[in-house]
Amino acid sequence: ICKPAEMEKLMENDVFMAFSTYAAIVILKMMLMAPMTAYYRLTRGAFANDEDVSRKPAEERKKLLRAHPDVERVRRCHQNDLENIIPFVVIGLLYALSGPELSTALLHFRLFTGSRIFHTIAYVGALPQPSRGLSWMLGMLVTFSMAYRVLSTVLWLCIHVIHVKMS
Amino acid sequence: ICKPAEMEKLMENDVFMAFSTYAAIVILKMMLMAPMTAYYRLTRGAFANDEDVSRKPAEERKKLLRAHPDVERVRRCHQNDLENIIPFVVIGLLYALSGPELSTALLHFRLFTGSRIFHTIAYVGALPQPSRGLSWMLGMLVTFSMAYRVLSTVLWLCIHVIHVKMS
Amino acid sequence: ICKPAEMEKLMENDVFMAFSTYAAIVILKMMLMAPMTAYYRLTRGAFANDEDVSRKPAEERKKLLRAHPDVERVRRCHQNDLENIIPFVVIGLLYALSGPELSTALLHFRLFTGSRIFHTIAYVGALPQPSRGLSWMLGMLVTFSMAYRVLSTVLWLCIHVIHVKMS
């Protein structure tokens with residue numbers, strides 16, 4: 001097997017490997033919301049499309065094309081994942097390339113992953129607040145912290161380049 | 001033109017070039033759902049914002065601020081794209097960096113792209129089930145297969161590193 | 001601090017640094033829609049989950065579980081960000097790796113960032129059309145232009161490889 005040397009280097013970088021692992025885990029967690037929505041649609045009998053209920057008897061069809069609170073709850077949780085997990089992955093990729101310490105990076109990735117798994121449990125299980133709110137906020141803070149590191153790294157590199165050019 | 005050597009290497013990697021092509025195609029396909037929504041809003045006369053109907057006569061305005069089944073169908077298709085195409089792009093990027101065979105990678109990228117184009121046709125055209133369900137599931141399976149490769153590559157590299165350190 | 005050489009190179013590439021900056025800015029702008037939604041939910045008294053209103057007196061609870069036009073407006077703006085900013089980030093990453101001129105790249109990134117900040121002001125402030133429509137279209141055109149560059153770069157590289165192999 002012949003892999004380009006520079007690809008291997010990217011995958012041999014320990015922070016990038018850690019990022020790949022946790023990014024794959026949170027994306028897979030997000031994708032599992034789709035089968036969960038399908039499960040609730042089937043068990044609660046609440047569909048969105050005519051063609052999804054076409055095999056049912058005609059008199060039942062109209063009743064099945066409805067919104068059910070349990071389905072809507074799972075969909076809101078899925079939407080919240082889209083709004084939070086994708087920013088984490090994008091900012092996290094840039095953060096991994098900014099050369100942080102492995103231990104600091106792992107702390108960020110693990111806090112985020114834990115907070116989102118707990119967020120899903122709190123949302124789908126309708127746990128009392130502020131459990132869902134706090135887990136959502138922890139995830140946001142992790143992503144903000146990584147974005148701060150990315151922006152300050154770029155800023156310092158720019159200042160460094162200007163300094164070198166002037167001297 | 002002076003391009004950094006390492007950038008050229010990334011773009012000279014054939015798997016990464018294949019990934020770039022198919023990622024751009026599926027993202028463009030997803031973006032086309034927005035003009036399609038606009039088209040259905042205009043032809044069906046179903047808008048979401050007051051300012052979008054402000055030039056119409058006052059008595060018509062309220063009637064135009066409504067949900068239309070055709071518009072909602074395109075929007076659900078767009079939402080399904082967000083939930084499936086973005087995970088494909090994120091996992092696919094990590095997969096391309098994990099050094100797969102070009103032929104295996106092309107099979108993954110082409111199956112996914114084909115499944116999502118068919119999914120859109122099946123959704124917007126309201127084709128009988130299980131056409132939409134099967135094309136959705138095929139796309140999910142391709143992304144799961146790539147995520148499995150990413151996670152197992154990282155795992156093997158970790159075991160390799162530990163082995164090297166111990167000997 | 002020991003950073004892998006190749007990581008440093010990616011971050012030392014000026015187009016990639018510019019991309020990182022603007023990608024972080026637009027993703028942060030998108031993430032700020034979530035606290036804004038929370039603010040409107042609290043001030044307008046419009047919630048989506050039973051557990052979010054469990055501390056209120058029982059007779060008020062049902063009234064608070066409702067959709068409010070201001071909340072829905074911010075949510076549509078957030079959704080529009082998801083549909084436009086994430087494609088920009090994905091295509092923009094591939095574009096940055098395709099080796100464009102720094103000045104051309106900066107023009108793309110700045111036009112997009114400006115158009116999306118104005119789009120949010122136009123949407124949340126309900127400015128008269130076509131202000132929102134034009135800012136949305138400008139963002140789309142920037143992303144299409146970058147996607148065109150990515151696809152044509154890959155195509156030219158493929159033709160180049162075939163040419164080299166044949167000669």
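This is a predicted model: local features need pLDDT of at least 70, side-chain atom pairs count only at pLDDT 80 or more; totals for chains, interfaces and linings use all residues.
1. Contact here means heavy atoms within 4.5 Å.

2. In chain A, helix α3 spans residues 33–44 and helix α5 spans residues 69–97. Their axes lie 9 Å apart and pack at an angle of about 170°. Angles over 145 degrees count as roughly antiparallel, and α3(A) is therefore roughly antiparallel to α5(A).

3. The contact between these helices can be given residue by residue. From α3(A) come A:Met33, A:Ala34, A:Met36, A:Thr37, A:Tyr40, A:Arg41 and A:Arg44. They meet A:Asp70, A:Val71, A:Val74, A:Arg75, A:Cys77, A:His78 and A:Asp81 of α5(A). Sorted by class, the contact of α3(A) with α5(A) has 7 nonpolar, 2 polar and 5 charged residues.

4. One residue of that contact, A:Cys77 in α5(A), deserves a separate remark. A:Cys77 has 0% relative accessibility. Buried means under 20% relative accessible area, so A:Cys77 counts as buried. B:Cys77 likewise counts as buried, because its relative accessibility is 0%. As for cysteine pairing, a search of the whole structure finds 0 disulfides over all chains.

5. Helix α5 of chain C, residues 69–97, holds C:Gly92. With a relative accessible area of 0%, C:Gly92 is buried. Which residues does C:Gly92 touch, leaving aside its neighbours within four places in sequence? The contacts of C:Gly92 are then C:Phe19, C:Pro87 and C:Met146. As a further distance, C:Gly92 and C:Thr43 are separated by 49 residues in sequence and by 37 Å in space, taken C-alpha to C-alpha.

6. Most residues other than glycine have a negative phi, and most peptide bonds are trans. In chain A, the loop between α6 (102–124) and α7 (131–166) contains A:Pro130. The peptide bond joining A:Gln129 and A:Pro130 is cis, with omega about 5°. In chain B, B:Pro130 is placed in the loop between α6 (102–124) and α7 (131–166). There, a cis peptide bond joins B:Gln129 and B:Pro130, with omega about 10°.

7. A:Ala126 lies in the loop between α6 and α7 of chain A, and its phi is near 50°, a positive value in a residue other than glycine. In chain B, the loop between α6 and α7 holds B:Ala126. Although B:Ala126 is not a glycine, its phi is positive, at about 50°. Are these alanines buried, exposed or partly exposed? A:Ala126 is partly exposed, with a relative accessible area of 33%. B:Ala126 also counts as partly exposed, at 33% relative accessibility.

8. The last point concerns the arrangement of chains. How is chain C superposed on chain A? A rotation of 120° with 0.0 Å of shift along its axis superposes chain C on chain A, and the RMSD is 0.0 Å. That is the relation of a three-fold axis. The copies use different surfaces, as 15% of the contact residues of chain C recur in chain A.

Note on methods: Residues are numbered from 1 along each chain as its sequence is written. Chains are lettered from A and ligands numbered from 1 in the order in which they are written. Side-chain values use heavy atoms; hydrogens and water are left out. A disulfide is a pair of cysteine sulfur atoms within 2.5 Å. Buried means under 20% relative accessible area, exposed over 50%, partly exposed in between (1.4 Å probe, protein chains only). Copies are superposed by least squares on the C-alpha atoms of residues with pLDDT of at least 70 in both. Axes are lines fitted to C-alpha atoms, for helices over the stretch in contact, and angles run from 0 to 180 degrees between N-to-C directions. Helices (H or I, at least four residues) and strands (E, at least two) are DSSP runs, numbered from the N terminus. Angles under 35 degrees count as roughly parallel, over 145 as roughly antiparallel, 65 to 115 as roughly perpendicular and the rest as oblique. Ala, Val, Leu, Ile, Met, Phe, Trp, Tyr, Cys and Pro count as nonpolar, Asp, Glu, Lys and Arg as charged, and the others, Gly among them, as polar.
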